[in-house]
Amino acid sequence: MRDQASSLRALKANFDKIVAKEKAETTEEFLTKIRRASPLSAYILIYLDSVKSEYPDIDLWLYNLSDEPSKLYLWDQANLISHKILTNKNSNLLSFPVLPKQMAMLDLNGKTDNERFEFLKNISKTLDKHSEVWITIKASEISYYKYLLESTNTLCIMLPDKEEAIVKGYEVVKKIHTLNLTSSISLLEFSSKSFCNQPYKSLKIKNVAKQFLGIDLYLAGVVLSNNKYFSMINEGNQVGMKSIINKENNDFICTFCENIVNLRLGTY
(Lines give C-alpha, C1' and ligand atoms only; values in the text may rest on other atoms or scores of the structure.)
Protein backbone atom coordinates (compact mmCIF):
# COMPACT_ATOMS: atom_id res chain seq x y z
CA MET A 1 0.00 0.00 0.00
CA ARG A 2 2.83 2.36 0.78
CA ASP A 3 4.30 1.89 -2.69
CA GLN A 4 0.91 2.52 -4.27
CA ALA A 5 0.40 5.66 -2.18
CA SER A 6 3.85 6.93 -3.11
CA SER A 7 3.16 6.30 -6.77
CA LEU A 8 -0.13 8.17 -6.58
CA ARG A 9 1.52 11.15 -4.90
CA ALA A 10 4.27 11.21 -7.52
CA LEU A 11 1.68 10.97 -10.29
CA LYS A 12 -0.32 13.85 -8.81
CA ALA A 13 2.82 16.00 -8.39
CA ASN A 14 3.74 15.39 -12.01
CA PHE A 15 0.20 16.24 -13.13
CA ASP A 16 0.26 19.47 -11.08
CA LYS A 17 3.52 20.50 -12.77
CA ILE A 18 2.01 19.94 -16.21
CA VAL A 19 -1.10 21.96 -15.34
CA ALA A 20 0.98 24.77 -13.86
CA LYS A 21 3.15 24.87 -16.97
CA GLU A 22 0.11 25.09 -19.21
CA LYS A 23 -1.32 27.97 -17.13
CA ALA A 24 2.02 29.80 -16.84
CA GLU A 25 1.97 33.45 -17.81
CA THR A 26 3.92 34.21 -20.97
CA THR A 27 6.39 37.07 -21.32
CA GLU A 28 4.05 38.91 -23.67
CA GLU A 29 1.12 38.56 -21.26
CA PHE A 30 3.21 39.84 -18.36
CA LEU A 31 4.58 42.88 -20.23
CA THR A 32 1.13 43.98 -21.42
CA LYS A 33 0.13 44.36 -17.77
CA ILE A 34 3.01 46.72 -16.93
CA ARG A 35 1.86 50.34 -16.74
CA ARG A 36 3.89 52.30 -19.28
CA ALA A 37 2.70 55.81 -18.44
CA SER A 38 4.56 55.75 -15.13
CA PRO A 39 5.58 58.97 -13.32
CA LEU A 40 8.60 57.17 -11.85
CA SER A 41 12.12 58.31 -12.74
CA ALA A 42 15.17 56.38 -11.54
CA TYR A 43 18.74 57.34 -10.68
CA ILE A 44 21.76 55.23 -9.79
CA LEU A 45 24.21 56.06 -7.01
CA ILE A 46 27.47 54.18 -7.66
CA TYR A 47 29.42 53.42 -4.49
CA LEU A 48 33.21 53.10 -4.91
CA ASP A 49 33.69 49.97 -2.82
CA SER A 50 37.33 49.71 -3.99
CA VAL A 51 38.21 52.80 -1.91
CA LYS A 52 38.23 52.32 1.86
CA SER A 53 36.37 55.34 3.13
CA GLU A 54 33.31 56.30 5.12
CA TYR A 55 30.53 58.39 3.63
CA PRO A 56 28.14 60.63 5.60
CA ASP A 57 24.84 58.91 6.39
CA ILE A 58 22.89 58.88 3.14
CA ASP A 59 19.62 59.88 4.80
CA LEU A 60 21.21 63.19 5.81
CA TRP A 61 22.13 64.36 2.30
CA LEU A 62 20.27 62.45 -0.39
CA TYR A 63 17.15 64.61 -0.19
CA ASN A 64 19.31 67.56 -1.34
CA LEU A 65 19.76 65.89 -4.72
CA SER A 66 16.08 65.18 -5.17
CA ASP A 67 13.69 67.36 -7.13
CA GLU A 68 10.78 66.07 -5.02
CA PRO A 69 12.13 64.99 -1.60
CA SER A 70 8.66 64.11 -0.31
CA LYS A 71 8.29 61.47 -3.04
CA LEU A 72 11.82 60.09 -2.88
CA TYR A 73 12.42 56.36 -2.43
CA LEU A 74 15.77 54.69 -1.80
CA TRP A 75 16.47 51.20 -3.13
CA ASP A 76 19.62 50.35 -1.18
CA GLN A 77 21.08 47.51 -3.26
CA ALA A 78 24.61 48.43 -2.07
CA ASN A 79 23.66 48.19 1.63
CA LEU A 80 24.68 51.74 2.54
CA ILE A 81 21.95 52.16 5.14
CA SER A 82 22.79 50.79 8.55
CA HIS A 83 21.56 47.19 8.82
CA LYS A 84 20.71 47.87 12.48
CA ILE A 85 18.29 50.66 11.56
CA LEU A 86 16.30 48.39 9.27
CA THR A 87 16.32 45.27 11.44
CA ASN A 88 15.21 47.24 14.51
CA LYS A 89 12.34 48.61 12.44
CA ASN A 90 13.46 52.19 13.07
CA SER A 91 12.90 53.18 9.45
CA ASN A 92 10.78 56.06 10.78
CA LEU A 93 14.08 57.65 11.77
CA LEU A 94 15.01 57.99 8.11
CA SER A 95 14.02 60.91 5.92
CA PHE A 96 12.51 58.63 3.27
CA PRO A 97 11.34 55.03 2.81
CA VAL A 98 13.98 52.41 2.03
CA LEU A 99 13.85 49.17 0.09
CA PRO A 100 16.71 47.00 1.43
CA LYS A 101 18.99 44.91 -0.77
CA GLN A 102 17.02 42.43 -2.85
CA MET A 103 18.84 39.12 -2.64
CA ALA A 104 16.74 37.81 -5.54
CA MET A 105 18.66 40.18 -7.80
CA LEU A 106 21.79 38.09 -7.30
CA ASP A 107 20.32 35.06 -9.06
CA LEU A 108 17.57 36.29 -11.39
CA ASN A 109 19.09 34.46 -14.33
CA GLY A 110 18.68 31.21 -12.40
CA LYS A 111 14.97 31.77 -11.74
CA THR A 112 11.97 30.55 -13.69
CA ASP A 113 9.83 33.01 -15.65
CA ASN A 114 7.12 32.91 -12.99
CA GLU A 115 9.65 33.63 -10.24
CA ARG A 116 11.00 36.62 -12.18
CA PHE A 117 7.46 37.84 -12.87
CA GLU A 118 6.60 37.64 -9.16
CA PHE A 119 9.74 39.57 -8.22
CA LEU A 120 8.98 42.31 -10.75
CA LYS A 121 5.35 42.58 -9.64
CA ASN A 122 6.48 43.13 -6.05
CA ILE A 123 9.02 45.78 -7.11
CA SER A 124 6.42 47.57 -9.25
CA LYS A 125 3.91 47.56 -6.40
CA THR A 126 6.52 48.88 -3.93
CA LEU A 127 7.54 51.80 -6.15
CA ASP A 128 4.11 52.58 -7.57
CA LYS A 129 3.31 55.60 -5.37
CA HIS A 130 6.68 57.33 -5.73
CA SER A 131 8.00 59.69 -8.40
CA GLU A 132 11.74 59.17 -7.77
CA VAL A 133 13.76 56.09 -6.91
CA TRP A 134 17.47 56.30 -6.12
CA ILE A 135 19.23 52.95 -6.38
CA THR A 136 22.61 52.30 -4.80
CA ILE A 137 24.97 49.75 -6.33
CA LYS A 138 28.61 48.87 -5.80
CA ALA A 139 31.08 49.91 -8.49
CA SER A 140 32.52 46.39 -8.54
CA GLU A 141 29.12 45.06 -9.68
CA ILE A 142 28.51 47.47 -12.57
CA SER A 143 28.90 44.82 -15.28
CA TYR A 144 26.35 42.56 -13.66
CA TYR A 145 23.82 45.36 -13.25
CA LYS A 146 23.95 46.64 -16.83
CA TYR A 147 20.28 45.70 -17.29
CA LEU A 148 19.53 47.98 -14.33
CA LEU A 149 21.82 50.85 -15.36
CA GLU A 150 20.37 51.12 -18.85
CA SER A 151 16.88 51.46 -17.35
CA THR A 152 17.69 54.64 -15.44
CA ASN A 153 17.93 58.35 -16.21
CA THR A 154 21.23 59.34 -14.58
CA LEU A 155 24.26 57.54 -13.16
CA CYS A 156 25.94 59.32 -10.27
CA ILE A 157 29.41 58.22 -9.12
CA MET A 158 30.10 58.84 -5.43
CA LEU A 159 33.67 60.10 -4.90
CA PRO A 160 34.95 59.78 -1.31
CA ASP A 161 37.46 62.20 0.17
CA LYS A 162 40.50 60.11 -0.79
CA GLU A 163 43.16 60.81 -3.41
CA GLU A 164 42.76 57.34 -4.94
CA ALA A 165 39.13 58.22 -5.66
CA ILE A 166 40.35 60.11 -8.74
CA VAL A 167 41.87 57.02 -10.36
CA LYS A 168 39.12 54.67 -9.15
CA GLY A 169 36.41 57.10 -10.20
CA TYR A 170 37.88 57.44 -13.68
CA GLU A 171 38.05 53.64 -13.97
CA VAL A 172 34.31 53.50 -13.28
CA VAL A 173 33.68 56.17 -15.93
CA LYS A 174 35.65 54.10 -18.46
CA LYS A 175 33.72 50.97 -17.51
CA ILE A 176 30.38 52.73 -18.00
CA HIS A 177 31.61 54.15 -21.30
CA THR A 178 32.39 50.67 -22.64
CA LEU A 179 28.83 49.54 -21.82
CA ASN A 180 27.44 52.05 -24.36
CA LEU A 181 24.72 53.32 -22.04
CA THR A 182 22.59 56.34 -22.92
CA SER A 183 22.24 57.58 -19.34
CA SER A 184 24.11 60.75 -18.38
CA ILE A 185 27.07 60.36 -15.99
CA SER A 186 27.57 62.71 -13.07
CA LEU A 187 30.17 63.02 -10.30
CA LEU A 188 29.16 63.58 -6.69
CA GLU A 189 32.10 64.54 -4.49
CA PHE A 190 32.34 64.17 -0.71
CA SER A 191 34.51 66.48 1.38
CA SER A 192 35.84 66.14 4.94
CA LYS A 193 35.60 69.92 5.23
CA SER A 194 32.63 72.07 6.18
CA PHE A 195 33.25 74.42 3.25
CA CYS A 196 34.23 74.00 -0.39
CA ASN A 197 36.31 76.18 -2.69
CA GLN A 198 36.42 73.89 -5.72
CA PRO A 199 35.51 70.29 -6.56
CA TYR A 200 39.07 69.04 -7.09
CA LYS A 201 38.42 65.34 -7.69
CA SER A 202 35.36 65.86 -9.92
CA LEU A 203 37.08 68.42 -12.13
CA LYS A 204 40.14 66.23 -12.50
CA ILE A 205 38.08 63.24 -13.68
CA LYS A 206 35.89 65.44 -15.86
CA ASN A 207 38.89 66.93 -17.70
CA VAL A 208 40.60 63.56 -18.25
CA ALA A 209 37.36 61.95 -19.47
CA LYS A 210 36.89 64.77 -21.96
CA GLN A 211 40.47 64.49 -23.22
CA PHE A 212 40.82 60.71 -23.50
CA LEU A 213 37.23 59.42 -23.85
CA GLY A 214 35.64 62.37 -25.58
CA ILE A 215 32.68 62.43 -23.19
CA ASP A 216 31.23 65.21 -21.06
CA LEU A 217 30.59 64.46 -17.41
CA TYR A 218 28.34 66.52 -15.17
CA LEU A 219 29.37 67.94 -11.81
CA ALA A 220 26.63 66.85 -9.44
CA GLY A 221 28.00 68.84 -6.51
CA VAL A 222 29.79 68.33 -3.20
CA VAL A 223 28.46 66.93 0.08
CA LEU A 224 30.34 68.56 2.95
CA SER A 225 31.26 67.06 6.32
CA ASN A 226 28.32 68.87 7.93
CA ASN A 227 26.02 67.18 5.37
CA LYS A 228 25.36 70.45 3.58
CA TYR A 229 25.16 70.25 -0.20
CA PHE A 230 27.15 72.55 -2.46
CA SER A 231 26.03 72.59 -6.10
CA MET A 232 28.31 73.55 -8.97
CA ILE A 233 27.89 75.23 -12.34
CA ASN A 234 28.14 72.98 -15.40
CA GLU A 235 28.16 73.79 -19.08
CA GLY A 236 25.01 75.50 -20.26
CA ASN A 237 24.54 77.12 -16.85
CA GLN A 238 23.23 73.88 -15.39
CA VAL A 239 23.58 74.05 -11.64
CA GLY A 240 23.89 71.00 -9.44
CA MET A 241 22.27 67.61 -9.52
CA LYS A 242 18.69 68.89 -9.78
CA SER A 243 19.39 70.34 -13.21
CA ILE A 244 21.14 67.18 -14.36
CA ILE A 245 18.41 64.65 -13.63
CA ASN A 246 16.25 63.97 -16.63
CA LYS A 247 12.53 63.79 -15.89
CA GLU A 248 11.54 63.13 -19.50
CA ASN A 249 12.41 59.43 -19.45
CA ASN A 250 10.11 57.84 -16.90
CA ASP A 251 10.01 54.31 -18.30
CA PHE A 252 12.12 52.76 -15.56
CA ILE A 253 9.66 50.04 -14.54
CA CYS A 254 8.85 49.11 -18.14
CA THR A 255 12.47 48.97 -19.29
CA PHE A 256 13.60 47.19 -16.14
CA CYS A 257 10.89 44.55 -16.53
CA GLU A 258 11.61 44.05 -20.23
CA ASN A 259 15.31 43.57 -19.59
CA ILE A 260 14.69 40.91 -16.98
CA VAL A 261 11.87 38.93 -18.57
CA ASN A 262 13.76 38.80 -21.84
CA LEU A 263 16.61 37.49 -19.71
CA ARG A 264 19.44 39.41 -21.20
CA LEU A 265 21.02 39.03 -17.77
CA GLY A 266 23.20 36.14 -18.84
CA THR A 267 24.60 38.01 -21.83
CA TYR A 268 25.66 41.17 -20.02
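This is a predicted model: local features need pLDDT of at least 70, side-chain atom pairs count only at pLDDT 80 or more; totals for chains, interfaces and linings use all residues.
Hi everyone. Two strands count as paired when DSSP finds at least two bridges between them.

Strands E1 and E4 pair in the parallel sense, over seven bridges. On its other pairing, E1 runs parallel to E5, with five bridges.

How much of E1 is buried? Seven of its seven residues are. On one side you have Ser41, Tyr43, Leu45 and Tyr47, on the other Ala42, Ile44 and Ile46, and both faces are covered.

Now zoom out to the whole sheet. Eight strands make an open sheet with mixed pairing, and the order reads E3-E2-E4-E1-E5-E6-E7-E8. Which strands sit at the edges? Those are E3 and E8, the latter being residues 229-230, and each of them pairs on one side only. Further in, E2 and E4 run parallel and are joined by five bridges. If you want a spot to look at there, tryptophan 75 stands opposite isoleucine 135 of E4.

Let me begin with H4, residues 113-127. Its 15 residues should span 21 Å at 1.5 Å a residue, and the C-alpha atoms at its ends are 21 Å apart, so the two agree. The buried residues in H4 are Arg116, Phe117, Phe119, Leu120, Ile123, Ser124 and Leu127. Those residues take up an arc of only 165° around the axis, so they are on the same side of H4. What covers them? The cover includes helix H2, strands E2, E3 and E4, and helix H9.

H9 deserves a stop of its own, through phenylalanine 256, which is found in that helix. With 1% relative accessibility, phenylalanine 256 counts as buried. Beyond its neighbours within four places in sequence, phenylalanine 256 is in contact with Trp75, Met105, Phe119, Leu120, Ile123, Tyr147, Leu148 and Ser151. Take leucine 120 from that list: it is 136 residues away along the chain, yet the two C-alpha atoms are separated by 8.6 Å.

Next comes H6, residues 164-178. Buried in H6 are Ala165, Ile166, Gly169, Tyr170, Val172, Val173 and Ile176. Seen down the axis, these fall within an arc of 155°, so they line one face of the helix. Turned away from that buried side are the exposed residues Val167 and Thr178. The buried residues are covered by elements including E1, E5, E6 and H7. After H6 comes asparagine 180, with a positive phi near 55°.

H7 itself, residues 200-212, lies across E5, E6 and E7, and runs at about 150° to E6.

Methods:
Residues are numbered from 1 along each chain as its sequence is written. Side-chain values use heavy atoms; hydrogens and water are left out. Helices (H or I, at least four residues) and strands (E, at least two) are DSSP runs, numbered from the N terminus. The expected span of a helix is 1.5 Å times one less than its number of residues. Buried means under 20% relative accessible area, exposed over 50%, partly exposed in between (1.4 Å probe, protein chains only). The arc is that of the directions from the helix axis to the C-beta atoms. Contact means heavy atoms within 4.5 Å. Axes are lines fitted to C-alpha atoms, for helices over the stretch in contact, and angles run from 0 to 180 degrees between N-to-C directions.
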